[in-house]
Amino acid sequence: MGKAMSRARHVAIIMDGNGRWAKKRHLPRVVGHQRGVEAVRKLVRAAGAMGLEALTLYAFSTENWRRPEDEISALMGLLKRFILSDLEEFAADNVRLKIIGDYKALPADVVELIEGAIARTAANTGSTLAVALNYGAQDEIARAARAAAAKGEITPETIAAELDTADLPPLDLLIRTSGEIRLSNFLLWQAAYAEMWFTDVLWPDFTPAHLEEALAAFADRERRYGGR
Ligand code: IPE
Ligand code: IPE
Ligand code: MG
C-alpha cells in the first residue's frame, strides 16, 4: 500500500552545516551562510521540476537568537538580499512564498519585506516555498493550542488546523544535512509519520542531485501509519 503513494508532495529540510563548511575552509561563518543561500537558490529552482507541492526550509529557529549579534544580523541581511534578488523570479515561476514561525518578532524592515513578498506571490497557484523564520515547533504548537482553545475543543484535529502549516500537504519527507541526527525543534507535530533522511553533506554542498537521492530513497519506503 505504502509504495503506491510514494511520490513526495511535501519535503522539509533542516539546512545545517554552514558554519562547519566555512570552518573547514578557514573562512568566516558568514561566508558559509552566503554559500548556503546559493544552495537554496539552486534547490528552489530544481524543486519545481521535481513536482513537489511544498518545500519547507528551516532558516532561523527560535533558539538561533542565542547566537552572537553579528551573526544574527548577517543572517537577517542575507534574508533581505535573497528576497530582493529572487522574489520576481519566484513570482514569475508561479511559486507562492509562505513563512512559518513567529516572523513578526523579526526586525521591522525584515517583516516589511516579508509581508510584501507574501502579498506579491499570494495568488500564485504553483508550488509553495515555506521558509521557517523564528520558528520553533514547541512555540507553534503552543500558539495553535491557544487558538484552538479560543474556538472550542482541543483535539489533534483542531490543533492541526491552527498550525502554521495547516494549508500545506502532509509532511512526507524530512531531510537534515551535516550529520546531526536530531530535529532541533523543527516540525515536531508534522513529523509524526514523516519519513526521515539524514546526510553528512554540509548545507552549502547540498545540490538538487542530493534531493533527488532523498526522493528516490523515499519512494522505496513503505509507510504503514501504524496499520499493517
Ligand atoms: C545552519 O548552519 C544555518 C542556520 C542555523 C542559520 P549553522 O550555522 O548551524 O552551521 P553549523 O551547524 O555551525 O555548521
Ligand atoms: C537548526 O540548526 C536550525 C536551522 C537549520 C535553522 P542548528 O544548528 O540551530 O541546530 P542545533 O543547535 O545543532 O541543534
Ligand atoms: Mg548548526
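**Close-up views of the two ligand sites**

By class, 3 nonpolar, 5 polar and 5 charged residues form the shell around ligand 1 (Ala, Val, Leu, Ile, Met, Phe, Trp, Tyr, Cys and Pro count as nonpolar, Asp, Glu, Lys and Arg as charged, and the others, Gly among them, as polar). This is a predicted model: local features need pLDDT of at least 70, side-chain atom pairs count only at pLDDT 80 or more, and totals for chains, interfaces and linings use all residues. Residues are numbered from 1 along each chain as its sequence is written, and side-chain values use heavy atoms, with hydrogens and water left out.

**View 1. The shell around ligand 1.** Ligand 1 is surrounded by 13 residues (a heavy atom within 4 Å). The closest are Asp16, Gly19, Arg20, Arg29 and Arg67. Helices H1 (18-24), H2 (29-49) and H3 (69-92) each supply at least two shell residues. H1 gives the most, with 3 residues (helices are DSSP runs of H or I, at least four residues; strands are runs of E, at least two).

**View 2. Polar contacts of ligand 1.** Oxygen atoms of ligand 1 lie 2.8 Å from an N or O atom in the Asp16 side chain and 2.9 Å from a backbone N or O atom of Gly19. A polar side-chain atom of Arg29 is 2.8 Å from a ligand 1 oxygen.

**View 3. The shell around ligand 2.** The residues here include Ile14, Tyr58, Phe60, Arg176 and Ser184. Strand S2 (residues 54-61) gives the largest share, 3 residues. By class, the shell has 5 nonpolar, 2 polar and 4 charged residues.

**View 4. Polar contacts of ligand 2.** An Asn64 side-chain N or O atom is 2.9 Å from an oxygen of ligand 2. For Asp16, a polar side-chain atom lies 3.2 Å from a ligand 2 oxygen; for Arg67, 3.3 Å.

Note on methods. Chains lettered and ligands numbered in written order. Polar contact = N/O pair within 3.5 Å; in protein donor to acceptor, adjacent residues only side chain to side chain.
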